[in-house]
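Work through the exercises below with the sequence and the structure side by side. Try each task before reading its solution.

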Amino acid sequence: MPRRSVLNLTLEAVAILALLLSTGGLVPRVSAAPSEYEVKAAFLYNFAKFTDWPSAQKAGLEPFTICILGEDPFGTALDMLQGKPVDGRPVAIRRMMKPEDLKWCRIMFVGRPYADGMERLAGYLQGQPVLTVGDNPGFVRSGGMIGFVPDDGRIRFEIDPDRISPTGLTVSSQLLNLAVIVRSKESSGW
Amino acid sequence: MRLRPGLKALLSVITAALLPMASSAIAAERAGIADLTHLSLEDLMNLRVEVTSASKRTETLGKVAAAVSVLTGDDIRRSGATSIPDALRLISGVQVARINASKYAISARGFNGRFANKLLVLIDGRSIYTPLFSGVFWELQDTLLEDVDRIEVIRGPGATLWGANAVNGVINIITKPAAATQGLLVTGAAGVEERASGGIRFGDAFAGGDGHYRIHAKHMRRDGGLTESGEEASDDMNRSRFGFRADWNSGPANSFTAQGGVTTGRAGESSTMFEPTAPFARTVEQQDRLLNADILGRWTRTLSTASEISLRAYVSRETVHLPQVKVTNDTLDVEFQHHVKPLERHDMVWGAGYRLHSDDIDSTFSLSVAPVRRTEQVINAFVQDEITLIPDMLRFTVGSKFEQNGYSGVELQPSARLLWTPAADHTFWTAVSRAVRTPSRAEDDIRIVQTTRPGPGGLPVTVEATGQRGFDSEDLLAFEAGYRTNPVANLSLDVAAFYNIYDNLLSLEPQPIAFSASPAPRFALPLLAGNRLSARTWGAEVAAEWQPIESWRFRGAYTLLKMDAESDAGSGDTVSAAAANGSSPQHQLDLQSSTDLTDDIELDVILRHVGDLPALGIDGYTTLDARIGWRVAEGVELSLVGQNLVGGARLEYRPEFLSTDPTRVERGVYAKATLRF
């Protein structure tokens with residue numbers, strides 16, 4: 001009798017396990033730790049929420065456009081932001097291979113190969129109310145506004161406020177408090 | 001047979017619960033992408049990610065060929081734990097027992113005790129191990145819990161990287177980088193058992209944003225427990241801590257950290273002291289004085305994306321005035337490490353270190369140590385190579401530590417580990433390792449009176465645990481295996497099993513009774529430290545985490561530990577084996593539910609069961625902690641915590657060697673406010 005119960009229990013356990021494993025086959029795999037670009041996408045959404053664009057851009061009902069210039073390292077991670085509200089507008093994602101179309105962009109994530117020549121691109125974008133974000137090493141020092149930096153398995157970000165303020169963008173103090181402030185030499189007031 | 005309908009019902013409930021879970025998982029994770037936009041910036045910054053950038057050696061849990069658990073700072077906050085030992089209770093496979101309000105017995109995989117000596121504990125890379133007995137004075141260890149980023153626990157030997165004494169496990173307490181603790185934080189709490197505590201922390205940037213620092217001060221007061229007969233005991237504790245940390249970069253390649261602090265306090269205890277004259281034994285109530293001071297510096301230099309060196313140095317002093325003994329112990333430690341990928345499939349870490357210990361011990365008749373001062377040095381070198389045999393599939397890790405110490409000479413501690421990932425969500429690992437527990441002052445130079453009786457001629461007859469310089473290292477040969485899986489996105493399961501063979505363990509060999517004149521005339525029965533105990537332990541740790549919906553997380557852990565210790569042939573020790581076998585719980589179960597009732601209200605419930613300790617006459621217990629937290633406004637959090645809510649006041653442990661009276665842990669409630677600016 002006890003033997004029988006143990007057998008039943010084992011069978012049920014196997015059935016439950018099989019069920020768990022079979023649902024595992026149906027559900028897309030997501031590993032325990034989120035991937036780097038899932039986290040960076042969520043950061044971009046927060047940057048959008050904690051930055052104010054000049055009022056001229058607030059007229060109309062265009063979507064809140066986040067652009068990726070050049071190579072897209074996010075894969076599909078960025079598409080998750082699509083349609084989420086920022087400032088009462090839905091987020092739209094645009095991928096561009098050339099910087100010309102930037103008037104649509106509120107945030108521009110600079111991928112390769114543009115990120116490697118950020119000095120040039122920064123000159124081109126000068127004064128435009130576009131928040132440039134990148135994750136190239138030294139992105140902010142070479143002319144970007146917000147750069148992701150890895151730190152012991154986590155993601156932090158650098159901000160150069162001197163590069164942001166002339167464009168009319170206002171970054172909230174909450175964002176600045178959490179950022180590593182980097183002031184690139186050329187904009188240090190000389 | 002009568003079980004069957006019940007099981008059927010259970011199965012259908014589980015099936016019903018699983019199916020919607022699977023479909024909601026599909027909806028939430030379109031194309032396998034996790035939506036993290038609901039997280040705050042602070043949460044995002046504290047999130048560990050699978051970094052694809054090749055420069056850092058960060059490994060996600062799934063890829064470690066060892067039994068590892070991690071407790072995050074947020075887990076600690078939500079548990080309501082007020083001290084490091086209480087936070088460790090949340091980790092599967094760790095045995096924590098409170099002796100009195102300030103003293104604890106903590107171990108993993110057995111051999112628990114106040115002077116447990118097979119676990120290595122580090123805070124930010126600084127070993128808090130004391131060479132007096134190869135263990136930890138837990139009453140000296142404190143930090144602002146809000147600063148703790150995570151506590152990583154490796155169960156099983158970690159000697160290859162961490163060195164001697166990482167026999168049964170390594171506890172690594174890691175604090176947040178200063179950049180993550182900016183601004184002002186003020187906390188205050190008041191309650192029944194956790195009487196009053198308060199902390200303040202301030203963090204800011206310097207060097208134009210290239211550096212960050214924080215300073216903190218805290219104070220805590222804990223009420224005493226109950227004596228065995230149910231009266232209020234005098235083991236109240238109060239403890240203060242001041243500490244700082246600064247991190248800064250010099251260029252993109254160099255990063256520096258400096259940190260340190262001072263902990264002072266007083267802890268009450270009631271203890272039996274032995275004396276050479278009548279009445280030979282008396283009970284003293286005393287406030288132990290505690291002091292711990294430490295300062296640490298670390299420099300990391302990135303040479304290339306595949307190569308990084310680091311240099312770390314610290315000095316620390318700990319002072320404890322117990323009724324039986326006053327100890328001051330100073331440590332200087334320097335370690336160099338180089339992490340390099342010399343070849344495509346090799347990931348190597350090698351390094352070398354030097355440690356200097358110096359102590360000063362003030363004895364009593366109850367406990368004496370000779371010589372009064374001793375200075376020892378330890379020189380070590382280690383190398384470990386992680387070889388990818390099949391990319392993303394099979395990895396082999398091999399390495400060894402070489403250590404030279406003043407007690408037992410040269411020790412070799414190799415290990416080999418294999419990690420097999422047949423599919424992305426299934427990881428199998430297995431390991432075989434050797435680790436040693438090197439002798440300490442306790443086995444070499446100590447003499448502890450265990451009991452006294454009046455004897456002939458008005459002289460006492462004493463039983464004394466006595467050290468001897470011939471004591472050798474304790475050895476472990478460990479076999480381990482484990483499996484980790486994420487069958488579905490919101491469920492994870494971690495199983496580890498081990499079989500440990502210990503040799504040369506400490507035994508106490510009775511010697512003939514003899515007249516002894518020093519430190520006082522008496523007839524003494526010495527129990528001389530020997531290496532004549534062996535043990536086999538085996539067991540398993542199972543941990544599962546299930547998050548059926550976004551706002552509810554459920555965790556469960558079960559630990560099974562079997563011990564079979566016995567004296568070797570020729571040993572006269574009839575006590576140690578039984579003590580070892582019966583002083584760690586065979587079964588331990590933890591269940592924890594974390595719910596976000598609304599965006600602003602959190603509810604946490606923790607149910608724990610710990611099996612009985614027959615050698616100590618301690619009954620098993622089941623207890624419940626609960627916490628409700630309310631985020632009143634941005635930066636303002638109030639919480640109410642209930643601890644040990646069911647089961648009544650309980651005794652958790654009895655100390656070995658020193659005759660400190662254990663006290664019962666009582667039910668407690670406290671309220672806490674946390675403000676952030």
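Buried means under 20% relative accessible area, exposed means over 50%, and partly exposed lies in between (1.4 Å probe, protein chains only). The model is predicted: local features need pLDDT of at least 70, side-chain atom pairs count only at pLDDT 80 or more, and totals for chains, interfaces and linings use all residues. Residues are numbered from 1 along each chain as its sequence is written, chains are lettered from A and ligands numbered from 1 in the order in which they are written, and side-chain values use heavy atoms, without hydrogens and water.

**Exercise 1. Find which residues of helix H3 (residues 118-125) of chain A are buried, and what covers them.**

Step 1. List the buried residues: Met118(A), Leu121(A), Ala122(A) and Leu125(A).

Step 2. Look down the axis of H3(A). These residues fall within an arc of 105°, so they line one face of the helix. The arc is that of the directions from the helix axis to the C-beta atoms.

Step 3. Recall the helix rule. An α-helix has 3.6 residues a turn, so residues three or four places apart point the same way.

Step 4. Check the other side of H3(A). Glu119(A) and Arg120(A) are exposed there.

Step 5. Name the cover. It includes strand S2 (64-69), strand S5 (107-110), strand S6 (131-134) and helix H4 (161-164) of chain A. Contact means heavy atoms within 4.5 Å.

Step 6. H3(A) is followed by Gly127(A), with a positive phi near 80°.

**Exercise 2. Describe the aromatic pair of Phe256(B) and Trp299(B).**

Step 1. Set the rule. Rings of Phe, Tyr and Trp (its six-membered ring) pair if their centres lie within 6.5 Å; planes under 30 degrees apart count as stacked, over 60 as edge-to-face and the rest as tilted. The structure holds 23 such pairs over all chains.

Step 2. Apply it. Phe256(B) and Trp299(B) are 6.4 Å apart centre to centre, with 15° between the planes, and the pair is stacked.

Step 3. Locate the partners. Phe256(B) is in strand S12 (residues 254-274) and Trp299(B) in strand S13 (residues 281-304) of chain B, 43 residues apart.

Step 4. Classify both. Phe256(B) has 25% relative accessibility, so it counts as partly exposed. Trp299(B) has 30% and also counts as partly exposed.

**Exercise 3. Find the partners of Ser270(B).**

Step 1. Leave aside neighbours within four places in sequence. Ser270(B) is then in contact with Thr283(B), Val284(B), Glu285(B), Ser659(B), Thr660(B) and Asp661(B).

Note on methods. Helix = DSSP H or I, 4+ residues; strand = E, 2+ residues; numbered from the N terminus.
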